[in-house]
Amino acid sequence: PPNLGLNIPYFSLGLYVFNKEQFTIEPATKFDKANRNTSFYLSPRIGVKELVFTENKKYPIYTLHFSRLRKLSDKISYTLFADWMYNMALKSELNASEVVLKNKLSYTQLGVGAGIENTYGTLAGYLQMGIYLYTPHKEDGFFYNRLGIKKEVTRGCYISLGIKSHFAQADYLEIGGGIKL
């Protein structure tokens, strides 16, 4: 069958300028296992969730993320975390499934989990897996994931951008900041 693509021949010419400094290799520094420092962070985050069945109405989600980060090497760290999420979209989601919430505190979700972080200078990428300890919305399951990046802006403070999902289904995009305790 045809690929329905567009095939265009092209010609390319490039000029490379070599610099000796590009090819100097720094000796690798050994990671001191005694220097596996542990850090604690508090990170407020905000997200926006859009529900299709409510005519694309957007709902705010507030998260307070507390984490413990421990270095395994210069680049890799693992984290243990706890999340408190105040999810305003739960009211509409639960009304659609005919569940009535008693008060506004019922919009709360609590979760704990673990993750890994890969650091490149002041930029880090993270992947976290969590489990809900409490959620009134059972249709998404009890597990959630978070994938994102964070940038250290000053020593002990960072900004982050991540996506929270339930396996392959995105839940919402969140932005936030964090401070080292």
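I will start with a term needed later: a polar contact is a pair of N or O atoms within 3.5 Å, where, within protein, one must be able to donate a hydrogen and the other to accept it, and residues adjacent in sequence count only if both atoms are side-chain atoms. What you see is a predicted model, in which local features need pLDDT of at least 70 and side-chain atom pairs count only at pLDDT 80 or more, while totals for chains, interfaces and linings use all residues. Residues are numbered from 1 along each chain as its sequence is written, and side-chain values use heavy atoms, with hydrogens and water left out.

First, the fold. Strands here are DSSP runs (E, at least two residues), numbered from the N terminus, and two strands pair if DSSP finds at least two bridges between them. Eight strands close into a barrel in the order β1-β2-β3-β4-β5-β6-β7-β8, with antiparallel pairing. On average, neighbouring strands of this sheet are turned by 25 degrees against each other, direction ignored; the axes behind that angle are lines fitted to C-alpha atoms.

Now some of the pairs. Strand β3, residues 76–87, is joined to β4, residues 108–120, by 11 bridges, and F81 has G113 in β4 as its bridge partner. Between β4 and β5, residues 123–134, there are also 11 bridges, with N118 opposite G125 in β5. These two strands form a hairpin with two residues between them, and G121 in the turn has a positive phi of about 70 degrees. From β5 to β6, residues 143–154, there are nine bridges, and Y126 stands opposite G148 in β6.

Next, the loop between β7 (157–166) and β8 (169–180), which holds F167. Phi of F167 is near 55 degrees, a positive value in a residue other than glycine. Most residues other than glycine have a negative phi. Is F167 buried or exposed? F167 is exposed, because its relative accessible area is 55% and exposed means over 50%, with buried under 20% and partly exposed in between, using a 1.4 Å probe and protein chains only.

S165 lies in β7 and counts as buried, since its relative accessibility is 12%. A polar atom of the S165 side chain lies 3.3 Å from the backbone oxygen of F167. Leaving aside neighbours within four places in sequence, S165 is in contact (heavy atoms within 4.5 Å) with Y144, N145, A170 and D171.

On a 1 Å grid over the protein atoms alone, a cavity is a set of points where a 1.4 Å probe fits but cannot get out, a pocket is an open set with protein on both sides within 12 Å along at least five of seven lines, and lining residues have an atom within 4 Å of a point. Grid points are joined across faces, edges and corners, and a volume is the space filled by probe spheres set on the points.

How many cavities of 30 Å³ or more does the whole structure hold? The search finds one. The largest cavity holds about 90 Å³ of space, and its lining includes Y41, H65, E117 and Y126. Elements giving two or more residues to that lining are β1 (38–51), β2 (57–71) and β5, and β2 gives the most, with three.

The largest pocket holds about 550 Å³. Its lining has 23 residues, of which Y41, L69, K71, T119 and E152 lie nearest its centre. Two or more residues each come from β1, β2, β4, β5, β6 and β7.

Conventions: Helices (H or I, at least four residues) and strands (E, at least two) are DSSP runs, numbered from the N terminus. Axes are lines fitted to C-alpha atoms, for helices over the stretch in contact, and angles run from 0 to 180 degrees between N-to-C directions.
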